[in-house]
Amino acid sequence: MSLASALSTAQSIFTNSGTQSAVTAKNIANAQNPDYTRRSAIVVTGGNGAIIGDITRSQNEPLLRQTIASSSIASGQRTVLDGLTEIKNLMGGNDNELSPAKLIASFRNNLDAFAGKANDTGIGIAFISSARDVAAGLNIASDKLQQIRKDADDQIKQNVTDLNALLAKFETVNNQVKNAVSSGTDPNDSLDERDGLVKKISEIVGVTSYTRGGNDMVLYTTDGTTLFEAVPRKVTFQQTTAFDASTTGNGVYIDGVALKAGDSGNTTAKGSIQAHMQIRDKIAPTFQSQLDEIARGLITSFAETGPTGALTPMTGLFTYKDGAGVQQTAIPAAGTIVPGLASKIFVNPVVVPPAGTPDKVRDGGINGIAYVVNTGGSSYGDLLDKYNQNLTGPMVFDTDTEIADAPDVLSFAADSMGWLEQLRSTATAADETKTAMLSRSLEAFSSNTGVSLDEELSLLLDIEQSYKAGAKLMSTVDDMMKALLDIAS
């Protein structure tokens, strides 16, 4: 080996070691960065010895696509589960003590007691108090349910704002990648940033990607709508200022195409937007319709029909207000949801002490003397027994409630909680499965593209040995040059 060749070899070693050290140091510094992909300095041998041919990323496109898909699915499922848990919390603790079913059961016990001792004013007052608890429970649950819908609508607005911002940033980074590729500079940092943006987008809306010439990436929703192609497509949404049971939330549009809400406990939602739409437009409205039908069932069960049952039925113990806040006496139509009825039901002031008296429930006559049934004395309990029987009497419910096969209002109230618990149980099991799938995808992706500190530290030792070899070679060349100079002198 000539001295010139030895010097060239040593220089190559130092250059390569320096580049490899820089790459390894960058890997170690980003070991905890989930959006970082491990770099490798590729050494190639040419006519001038070994050189760094390229710095490559440990890419794995199939695993990246699986991770992105799993992220969308898990995000949608968790959002639905959180919404169902919030609705469940309206019903109280684990025993659902604030649920209509529990409140009505307590109310019925007081009705039994009042029927057994119809002349006991104290028991009558307790009965009216429990009736007011039932009405208040329905009012509160209905109002809070609409607040949950409003919160979901607000979250959709925030998601849309975030999505538009991410798409705008994606355009900038995607252009950086294309420019780096076309100019022959290193695009790896921009590629990492672009992949990280796709992951964040996938948590908001289901997304698939396609990379074309020049490493230009195109994004689509999982339904096939273009999300980004050269420029971001506009995502639009009109927020609703207030919600009641009759309010329909506005849709989300991507490039003019409506985004569909998720469906079922094991939701079809991909990303948080579709899941929030499912809470706002499907789950909460269905539960609201059940509350409204429970309210209608109570109003109907305690309607006054007169001594022979032949008079026009009118509201009795329970009544309600119309949209203008005017108290109503007409009984709502059978088997038909009255939107928001649960928020409008209340106990008739005629029977509420001190201005009113529970005796009006016992004797009849809430709607006037024509509706008086009992004229025989304070121990009369037949009318109270009749009302009690009405709670378990046949009743028709609207099919939109999804539990319309319930035979009576008591069963319907119990089935309503069963419906919610079943949906939440399904969502919980699905969340566990989808979270595990995401975890496995992330683990597999990290194993293939992430940084292992053990491997990087081992590589540093190899680089150190290579550097020592270069230093030894330089020392040898130096000694030889000195010897030659000594001979020449």
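User: Where is Val-44 placed, and what makes Val-44 partly exposed?

Analyst: Val-44 lies in strand 1 (residues 39–46); strands are DSSP runs of E of at least two residues, helices are runs of H or I of at least four, and both are numbered from the N terminus. The model is predicted, so local features need pLDDT of at least 70 and side-chain atom pairs count only at pLDDT 80 or more, while totals for chains, interfaces and linings use all residues. Residues are numbered from 1 along each chain as its sequence is written, and side-chain values use heavy atoms, without hydrogens and water. Buried means under 20% relative accessible area, exposed over 50%, and partly exposed in between (1.4 Å probe, protein chains only). Val-44 has 35%, and is therefore partly exposed.

User: Why is Asn-348 called buried?

Analyst: Its relative accessibility is 3%, so Asn-348 counts as buried under that cut-off. Asn-348 is located in the loop between strand 12 (345–347) and helix 8 (359–363).

User: What makes helix 6 roughly antiparallel to helix 10?

Analyst: The axes, lines fitted to C-alpha atoms over the stretch in contact, with angles from 0 to 180 degrees between N-to-C directions, cross at roughly 165° for helix 6 (residues 272–301) and helix 10 (residues 409–449). Angles under 35 degrees count as roughly parallel, over 145 as roughly antiparallel, 65 to 115 as roughly perpendicular and the rest as oblique. Helix 6 is therefore roughly antiparallel to helix 10.
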